[in-house]
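Dear colleague,

I am passing on the structure we spoke about, with notes on what came out of it. Please look through it below before you read on.

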Amino acid sequence: MSLSRIRTGVIAALVVTAIGVSTQSAAAKPVTPRIPKNHTVQMITEDGKQRFDPAELTIQQGDTVTWLAVSGSHNVGFWADSIPKGAEDVLRKAMPDTIAPLLGPRKPTKGDTYVIVFNDAPKGTYKYFCKPHLAKMMVGTLTVK
């Protein structure tokens, strides 16, 4: 056998071994699970104006959103035609204390909260509002990625 063939064989064996090691080490790396995050949306009355802060929020599936009454008397409601398909059932389960479909009761006291965990929530955009202040455009958008 010629020296050239031996060299080619050794190089080919090294390449195959390197590819195998590279593939094994990539597959062996454990995937760290994502830790769900907690987000707070403040419900604020200030200078005669009402607002959600932030008015736009992007979260991941599994995250929790707390709507917190900072000042004024507010609630949170979702438009059934402005949420992803399948989200209505998820929200109904997450909002057991409602005064109408997808509409929570007013929270008149500073520190009152609505808490929704978006575990099984379909990805997409969720448009919501404060019913008592809808005429003043107290609206928000939540995006689940």
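Which residue in S4 is the bridge partner of Gln 42? The partner is Leu 68, and the pair belongs to the contact between strand S1 (residues 38-46) and strand S4 (residues 64-69), which run parallel and are joined by six bridges. Strands are counted as paired if DSSP finds at least two bridges between them, while helices (H or I, at least four residues) and strands (E, at least two) are DSSP runs numbered from the N terminus.

Before going further, please note that this is a predicted model, in which local features need pLDDT of at least 70 and side-chain atom pairs count only at pLDDT 80 or more, whereas totals for chains, interfaces and linings use all residues. Residues are numbered from 1 along each chain as its sequence is written, and side-chain values use heavy atoms, with hydrogens and water left out.

Confidence: pLDDT, the predictor's confidence in each residue on a scale from 0 to 100, averages 86 over the protein, and 81% of the residues score at least 70. Where pLDDT is low, the predicted coordinates should not be read in detail.

Overall layout: the protein has two helices and eight strands, and from the N terminus on its elements run α-β-β-β-β-β-α-β-β-β. Of its 145 residues, 32% are buried, where buried means under 20% relative accessible area, exposed over 50% and partly exposed in between, with a 1.4 Å probe and protein chains only. Among contacts between residues at least 6 apart in sequence, 71% join residues at least 24 apart.

Around S1: this strand also pairs with strand S2 (residues 49-53), in the antiparallel sense and over five bridges, with Lys 49 of S2 as the bridge partner of Glu 46. Two residues lie between the strands of this hairpin, and Asp 47 takes a positive phi near 55° there. Lys 37 sits in the loop between helix H1 (3-28) and S1; leaving aside its neighbours within four places in sequence, Lys 37 is in contact with Asp 63 and Thr 64.

Helix H2 (87-94): its buried residues are Ala 87, Val 90 and Leu 91. They cover an arc of only 95° around the axis, taken from the directions from the helix axis to the C-beta atoms, and therefore lie on the same side of H2. Their cover includes strand S5 (77-78), S6 and strand S7 (124-129).

Aromatic rings: rings of Phe, Tyr and Trp (its six-membered ring) are paired if their centres lie within 6.5 Å, with planes under 30 degrees apart counted as stacked, over 60 as edge-to-face and the rest as tilted; by this rule there are six aromatic pairs. One of them is the edge-to-face pair of Phe 52 and Tyr 128, at 4.8 Å centre to centre and 70° between the planes. Because Phe 52 lies in strand S2 and Tyr 128 in strand S7, this pair ties together parts that are 76 residues apart in sequence. Phe 52 is buried at a relative accessible area of 4%, and Tyr 128 is buried at 1%. Trp 67 and Tyr 128 also form an edge-to-face pair, at 5.3 Å centre to centre and 80° between the planes. Ring pairs link Phe 52, Trp 67, Phe 78 and Tyr 128 into a cluster.

Key:
Contact = heavy atoms within 4.5 Å.
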